[in-house]
Amino acid sequence: MSHYNTLANRWNVSDRSNDYSNLVVPTGNNSEAVHRWFHFKEAYSWALLARLIKDSASSPVSRISLLDPFLGSGTTLVSALMLARDHNLSLDAIGIERNPVIHCVAEAKIMAAQLGCSLLNHIELQQESFWREYKRIMRRPRVLTSPSATLNNAEYFHPSHVRSLLGLSRACDVLEDHRVRTLFLACIAAAVEPSAKLRRDGRALRYVPAKSVAAPIDSFRAVLQRCISDLTQLSPLSGDVAVSVMRNDAREVQNVVPERSREWIVFSPPYPNNIDYTEVYKIEAWALELYGNSLEMKAQRLSTLRSHPSVLFPEKYNYQENPATRREIELLINPILAAVPEDRYQRGRKQVIVGYVDDMLSVLTNLRRVAAQNCSCAIVVGNSVHGSGESRYVIAADLVLSRLAELAGWAVEEIRVARNLRRRAADVDHLRESVIILRR
């Protein structure tokens, strides 16, 4: 598309695949302490943060003031804590995550990475009461139930597995130490998918009839033992280290992060595609009883970034309130909207483009408010192809976000192309994953 070529000419777009191709995917996370506790398919590598600092620092780093407004499972902040431990750095880090399951997992990992082996004694003191409560719950004649149609589908979950998962979750109520309770809930979350005939596959949960499943209690014990093994190897972090994990909205970051306080902002937002993370991680949420009913789950879906067409979001766009901003946004998105084919998906696809642009402009505008002078901001984002045949079109999120960043007052320093995604559509241009480097 000539529109994208014109946009790309505004900035330094460089091929950095030799440096970044293995860093924008979760390379090595399954074998790294703490990072390996929960399989978060959408994560980037534990080594990305160190590479970004290496590529940007003109002098040795002794302090990191960091924000990740789309925290996910906590990779950025866990990596920062490991760097602080290994290099004796001071750290002031904040993470924000909207999804309740992923927030729970991130909170547990970040807390554990900071406390290290000092957490082991607390686990030991609480374990006995937990297992006693679990056995008491499982001895009850009353059936443990969930309002989730997915958990109640016997093709997906054996009823005894649902009962065990709910029993594990409810047994956490006796854990008086919030840190231990958070860790145990994260371990239960990691045990959910292995116990189901379901698999997270790209944009959805897939039913896999031939999948071998494990008993939840066995999976939970295995994950907990992995946690204990990792904690044994980690000394507690002392000194100048402050870390906060918030369940909040990246579009309102200025309400929870002090102005001009962040020297580093590193994140990967949802891409404009068909992935509804509320849906993808719903079985963990229901197993942990984070939703009381379907209306609460729907409210969670409606509160997320408008990056997918799975729900009908309100058609209210803040950028339209300012005539000058509206003109610039229309120049940016009208050629993309014009490429959307006229079919039954047209309305939803157009809403994704407009809603995503509106939300990400809010994110980037408010991030600039909390960024310190000369702050480095790194955004990992993938471009996506939609439609089929001759009706295919690309949403080049790296170029769109770069232009939105300019409108929000950032300087676009570089677009580092990390890897091409041509295996999905070999003849489609701009199909890639990139790291956008911004400067305040």
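Which side-chain oxygen reaches to within 3.0 Å of the backbone nitrogen of Ala324 at the start of H13? To find out, note first how the model is described. This is a predicted model, in which residues are numbered from 1 along each chain as its sequence is written, and local features need pLDDT of at least 70. Side-chain atom pairs count only at pLDDT 80 or more, while totals for chains, interfaces and linings use all residues; side-chain values use heavy atoms, without hydrogens and water.

**Helix H13.** Select residues 323-338, which form H13 (helices are DSSP runs of H or I with at least four residues, strands are runs of E with at least two, numbered from the N terminus). At its start, the oxygen in question belongs to Asn322. Next, select Leu332, where H13 bends by about 35° (the angle between axes fitted to the seven residues ending there and the seven starting there). Pro335 follows within four residues. Leu332 is also buried, as are Ile329, Ile333, Ile336 and Leu337 (buried means under 20% relative accessible area, with a 1.4 Å probe and protein chains only).

**Trp410.** Now select Trp410. Leaving aside neighbours within four places in sequence, its contacts include Ile265, Leu364 and Cys375 (contact means heavy atoms within 4.5 Å).

**Strand E3.** Finally, select residues 90-96. Six of the seven residues of E3 are buried, so this strand is largely enclosed by the rest of the structure. E3 pairs with strand E2 (residues 63-68) in the parallel sense over six bridges (two strands pair if DSSP finds at least two bridges between them). Select Leu66 to see one of these residues: its bridge partner in E3 is Ala93.

Technical notes. Expected span 1.5 Å × (residues − 1). Buried < 20%, exposed > 50% of the residue type's maximum accessible area, 1.4 Å probe, protein only. Polar contact = N/O pair within 3.5 Å; in protein donor to acceptor, adjacent residues only side chain to side chain.
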